[in-house]
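Please keep the structure open beside them and look up each place as it is named.

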Amino acid sequence: MKNSIDTDMIIDNKRGKEYDTANQPLYYSTAFLRPSLDDEEAHLYVRNSNPNREKLEEKLARLENGKYGFAFNSGMSAITAALMTFSPGDHVIMPSDMYGGTYELSKTILKRYQLNLTAVDQSNLYSVANAVTKDTKAIYIETPSNPTLKVTDIKKIVEIAKKNNLITIVDNTFMTPLGQSPLSLGVDIVVHSATKFLGGHSDVLAGAVIVNDEEIKNSLQELQVVMGMGLGTYDCWTLNQHLKTLSIRWKQSTENTDKLYEFFKSHEGITNIYYPGEDKLHLSQASHGGAVISFRIKDESKAQVFVDKLNIPLVSVSLGGVESILSHPKTSSHKALTEEERQDRGITDGLFRLSVGIEDADDLISDIRQALDSI
Ligand SMILES: *Cc1c(COP(=O)(O)O)cnc(C)c1O
């Protein structure tokens, strides 16, 4: 009988097997002894493979219901590897409001290696279809997007891709594998910044790629090993530990987010809420609105006063931690955009993005309420 994900994330070992420990030990060694000279299967050199990365990668594949999982040394490294499976001259269609680091990557390094990336508004399926050229090899999706949580129709984009023989890639960081399962919707490559919800404790920098196709798997494996992009042993061990509580963290964070959503709707000091929890399209491809919610305060000149009054959410960047993190896109993640680009995307002085942690929801609400009431 197949176990549920909740169970499979916990089990590191079976009685009588290999190591006899509840937790997988940390194999902090750069080389492994060869049982016999021609044993091709055994771990040998840490960059190529090691027990901690192997265990973690099995869990990453299990989480996304995929065949092959890869642990990379950052989300950016995972995204770089996914895009470097293509060749110079190839063209990839990107979302116009892609993650800042991915945007940076596309216009600098990948450009130098002659991978052509075009950004289009993917909520408009005609623009996506129209952007396909004879060189197009893939469509890259990020849904919901950052910071205004815009939703892209994964199944419709997969349809366009299949018609044109293209590969689809989804950055699934915001929804986690528990909230959205792109491979089951026909997507070929799923990437994650495991630094966020998968890690969940604001400590590890890591990335993941999960695929089913053997050819893509071989290409990713080559990139991971030859370019040295694999996640370090200690971080593999830590991430494996953190995955054991992913399900319970995600449950608490999403329940808290539902309560915060209701609170934001009821508060006069909030003028806009960006959250896909009631979005039909989103809920047709995801099980929940997730644990990231953005909002705009009414008096946009009071952004600093608002954060000064808060006691619980950390005012910082990043997301997905057990602690709630409030970020101000205009002065952090989206600082590099021009004022006009920011206006286009609704990134104004009063816009905040809240990554909801696992604190008590009532404490979070009363803290945010008193801050809003005082401005
Ligand atoms: C953080 C993030 C990344 C980059 O991941 P790192 O782990 O910081 O390299 C990519 N995509 C999304 C959606 C992210 O939030």
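Predicted model: local features only at pLDDT ≥ 70, side-chain atom pairs only at ≥ 80, totals over all residues.

1. The protein is divided into domain 1, which covers residues 5-243, and domain 2, which covers residues 247-373. Their C-alpha centres lie 26 Å apart, and the contact between them takes 31 residues from domain 1 and 33 residues from domain 2.

2. How much area is buried between domain 1 and domain 2? The value is about 2,600 Å², and carbon and sulfur atoms give 59% of it. On the side of domain 1, the residues that lose the most area to domain 2 are Pro-147, Val-151 and Phe-197, which together make up 23% of what that side buries.

3. Pro-147 is found in the loop between strand 4 and helix 7. Pro-144 also lies in the loop between strand 4 (136-142) and helix 7 (154-163), and the peptide bond from Thr-143 to Pro-144 is likewise cis, with omega near -5°.

4. A further backbone detail concerns Asn-65, which has a positive phi of about 50° although it is not a glycine. Asn-65 is placed in the loop between helix 2 (51-63) and strand 1 (68-72). As background to this point and the one before it, most residues other than glycine have a negative phi, and most peptide bonds are trans.

5. How do helix 3 and helix 4 pack against each other? Helix 3 (residues 75-83) and helix 4 (residues 100-107) meet at an angle of about 40°, with their axes 10 Å apart. Angles under 35 degrees count as roughly parallel and those from 65 to 115 as roughly perpendicular, and the two helices are therefore oblique to each other. The crossing of helix 3 and helix 4 is right-handed.

6. Which residues make this contact? Helix 3 contributes Met-76, Ile-79, Thr-80 and Leu-83, while helix 4 contributes Gly-101, Thr-102 and Leu-105.

Methods: Residues numbered from 1 in each chain as written. Heavy atoms only, no water. Axes fitted to C-alpha atoms, helices over the stretch in contact; angles between N-to-C directions. Helix = DSSP H or I, 4+ residues; strand = E, 2+ residues; numbered from the N terminus. Parallel < 35°, antiparallel > 145°, perpendicular 65-115°, else oblique. Left-handed = near helix turned anticlockwise from the far one by under 90°. Contact = heavy atoms within 4.5 Å. Domains from an automatic or database assignment. Buried area = accessible area lost by both parts, 1.4 Å probe.
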